[in-house]
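Here's a quick tour for anyone meeting this protein for the first time. Take a look at the sequence and the fold, then read on.

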Amino acid sequence: MAKKYDTPLLDELEKGPWPSFVTEIKKAGKKSEMANDELGQLEKSYRTKRGYWKHGGIVGVLGYGGGIIGRYSSLPDEFPGVAHFHTVRINQPSGWFYSTKALREIVDIWDKYGSGLTNVHGSTGDLVLLGTRTEALEPIFAEYSSRGWDLGGSGSAMRTPSCCIGPARCEWANIDTMEICYQMTQRFQDELHRPAFPYKFKIKVSGCAVDCVAAIARADCSIIGTWKGKIAVDQDAVKWYAKNRMDINKEIVDMCPTSCISYDGTKMTINDDECSRCMHCISKMTKALKPTGEKGVSILVGSKAPIVVGSLLSWVIVPFMKVQPPYDDLYGFIGKIIEWWDENAKPRERLGEVIEMKGMRSFLEHIGVPAQPQQVKEPRKDPFFFWKEEDLKR
């Protein structure tokens, strides 16, 4: 298919050493009119400094309320190929592991019905397929679902849970992130496919506090692997790092957020009672330091990117929870969190925003968690003295 549009502004984005999305759209445009018109409309947006997408609308497949994001061009006569340009979200496997056969299967179906453009992966975690027409949605869903694939979440619903690769490739994972993610995905199927929440709700699972899946910045409920025991120190390995020019005092001791590490030039000592399990020292000195003892999770809540108010980071609610298959306790606990949020939130309010407005007290009382020192996010601002009327009568 011949190139339809001159794109001098977009061509600038192909310069430099990095891969360019413009180059990939041009490649797809050789076979797809939809991708070709997408390129033309995008060039016009850059030239006029206006967007020409009409976001939203009710489109989907039978029996599902989410998984399809409706998108239309406001210039259908000028760019007929993108008059409909809906996004299809495919529920990703835990850890984003695919076989080459599975990837070929996905893209072959997409080439048949869509623009040929994909986004691997979207910020939610889903495998995102960009651009198809309304009449193609049911055939697309039928083909994917008949091969074992399912749609992901969208709209005011449980979004597709996601996780880091955890024990599949990382020796520092404190929990089986992929199994937890899979179980939460199975348990929340109804909430994922049939939007009934005030707004989106995201669950992300990280194997340790390094948080490779960015749960602390993006998830309403962050499940972070942690441990209860001490950090084992291999003093010979510490000497190896010092010999290989690591400035241990500058790179490790001075950067410890709780100042629980000391180093006298020959020996490293850690006061484990003061350790916040942030993983900084372990991730920098992987040969010398190792977590030991009982493993479990910390539960944090409330992060989000800006929509109604500014961005929020997650807040520690449960410092340590023992979890094990089939994760009934974890599932029930998250259910209580959702219940409180669903009862108190206005439309398009995320969990963190509701906690900020309603206060932590009613939230903690509903989910049955006592106030604890680890929950204090900002000293003096969050004293956690919860007075009741009967307390004043004493």
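Two strands count as paired if DSSP finds at least two bridges between them. Strands here are DSSP runs of E with at least two residues, helices are runs of H or I with at least four residues, and both are numbered from the N terminus. What you're looking at is a predicted model, where local features need pLDDT of at least 70, side-chain atom pairs count only at pLDDT 80 or more, and totals for chains, interfaces and linings use all residues. Residues are numbered from 1 along each chain as its sequence is written, and side-chain values use heavy atoms, with hydrogens and water left out.

**The whole protein**
- There are 15 helices and 15 strands in the protein.
- Its C-alpha atoms fill a box of roughly 70 × 65 × 40 Å along the principal axes.
- Of the 394 residues, 48% are buried; buried means under 20% relative accessible area, exposed means over 50%, and partly exposed is in between (1.4 Å probe, protein chains only).
- Take the contacts (heavy atoms within 4.5 Å) with a separation of 6 or more: 65% of them link residues 24 or more positions apart.

- Five strands make up an open sheet, in the order 7-8-9-14-15, with mixed pairing.
- Strand 7 (162-163) and strand 15 sit at the edges with a single partner strand each, so one side of each has no neighbour in the sheet.
- Strand 8 (residues 203-206) pairs with strand 9 in the parallel sense over four bridges, and S206 stands opposite I224 in strand 9.
- Strand 9 and strand 14 run antiparallel and are joined by seven bridges; here I223 stands opposite I299 in strand 14.
- Strand 14 and strand 15 also run antiparallel, with four bridges between them, and V297 has M321 in strand 15 as its bridge partner.

**What covers the strands**
- How many residues of strand 9 (residues 221-227) are buried? Seven of its seven are.
- Both faces of strand 9 are covered, with C221, I223, G225 and W227 buried on one side and S222, I224 and T226 buried on the other.
- Helix 14 (residues 360-367) lies across strand 14 and strand 15, at about 25° to strand 15; axes are lines fitted to C-alpha atoms, for helices over the stretch in contact, and angles run from 0 to 180 degrees between N-to-C directions.

**A loop residue**
- G310 is in the loop between strand 14 (295-301) and strand 15 (315-321).
- G310 is partly exposed because its relative accessible area is 41%.
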